Amino acid sequence: WGTVVTTDDIRMTYLWGTDFKATNGMSFTDQQIQYFIDASTDELARMLDITIKKKRIRNKAAERGLAKGDDYDVDEAPYDFKFSRISRYGMIKTRQRPILKLHRLTLLSRLSSAKDFTQTTIVDGSKGILKLMERPIKPSETSSGIQTAVGMYGNQTMEAHLFYAIDYDAGYENSDEIPSDLRQIIGKHAAVSMLNI
């Protein structure tokens, strides 16, 4: 994937003119500097509520027999189905953004078969929003399809029985894709963290 800034960027740009030595004469190693770069990248991702390093996010990956590291990076729980939200806005906000690629969007029911919406979904990558061109449930289906999905409990429990299974990739494809302003913030954050030491 790469690194947001290099150890030389820290030495020659962000901390230019700074003596990289402790009072006993020992110098910061590249490994130590890289630790601060990686930690700053992760901290800024949390602060900004975005994903920076590319992650392969899969729904119930362990249950599907996928291998962590080979097939996925994050095992994510299904998304709750909200009829009021989907009927009004027709979209789902993912837990991580920006979205690189949508692999699967399926509406799951506890008692009936799944319905795939992957091909009819528009991805707003930067905002982490999936826009459904085909609505999962039409108002006219409330007495038939929903009753079938939830059985004897009726449509009052509809939302507790329907979920979205979403497989997607989030973050930046590689470190070269990171915008320059975000790169600069991470570099400065790493430099300040080192100065604190």
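Let me start with a helix pair: from H2, Ile33, Phe36, Ile37, Ser40, Thr41, Glu43, Leu44 and Leu48 are in contact with Leu182, Ile185, Ile186, His189, Ala190, Ser193 and Met194 of H6. Contact here means heavy atoms within 4.5 Å. Sorted by type, the residues of this contact are 10 nonpolar, four polar and one charged. Ala, Val, Leu, Ile, Met, Phe, Trp, Tyr, Cys and Pro count as nonpolar; Asp, Glu, Lys and Arg count as charged; the others, Gly among them, are polar.

A word on the source. This is a predicted model, in which local features need pLDDT of at least 70 and side-chain atom pairs count only at pLDDT 80 or more, while totals for chains, interfaces and linings use all residues. Residues are numbered from 1 along each chain as its sequence is written, and side-chain values use heavy atoms, with hydrogens and water left out.

Back to the helices. H2 covers residues 30–48 and H6 covers residues 180–196; they pack at an angle of about 125°, and their axes are 8 Å apart. Axes are lines fitted to C-alpha atoms, for helices over the stretch in contact, and angles run from 0 to 180 degrees between N-to-C directions. How do H2 and H6 lie to each other? They are oblique, because angles under 35 degrees count as roughly parallel, over 145 as roughly antiparallel, 65 to 115 as roughly perpendicular, and the rest as oblique. The crossing of H2 and H6 is right-handed, meaning that the near helix is turned clockwise from the far one by less than a right angle.

Now the whole chain. It has six helices and nine strands. These are DSSP runs numbered from the N terminus, with helices (H or I) of at least four residues and strands (E) of at least two. Of the 197 residues in the chain, 38% are buried. Buried means under 20% relative accessible area, exposed over 50%, and partly exposed in between, with a 1.4 Å probe and protein chains only. Among contacts with a separation of 6 or more, 66% are between residues 24 or more positions apart.

Next, the strands. Two strands pair if DSSP finds at least two bridges between them. E5 (residues 99–109) runs antiparallel to E9 (residues 162–170), with nine bridges joining them.

A separate item is an open sheet of three strands in the order E4-E8-E7, with antiparallel pairing. Its edge strands are E4 (91–93) and E7 (121–124), each pairing on one side only. From one strand to the next, the twist averages 20°. E4 is joined to E8 (residues 129–132) by three bridges, and Met91 stands opposite Lys131.

Last, two single residues. Ala165 is in strand E9. Is Ala165 buried or exposed? Its relative accessibility is 0%, so Ala165 counts as buried. Leaving out residues up to four places away in sequence, Ala165 touches Asn59, Arg104, Leu105, Thr106 and Leu108. Asp116 is 49 residues from Ala165 in sequence, and their C-alpha atoms are 9.4 Å apart.

Glu76 belongs to strand E2 (residues 74–76). Glu76 is buried too, at 7% relative accessible area. Beyond its neighbours within four places in sequence, Glu76 contacts Ile57, Arg58, Asn59, Lys60, Arg95, Gln96 and Tyr168.
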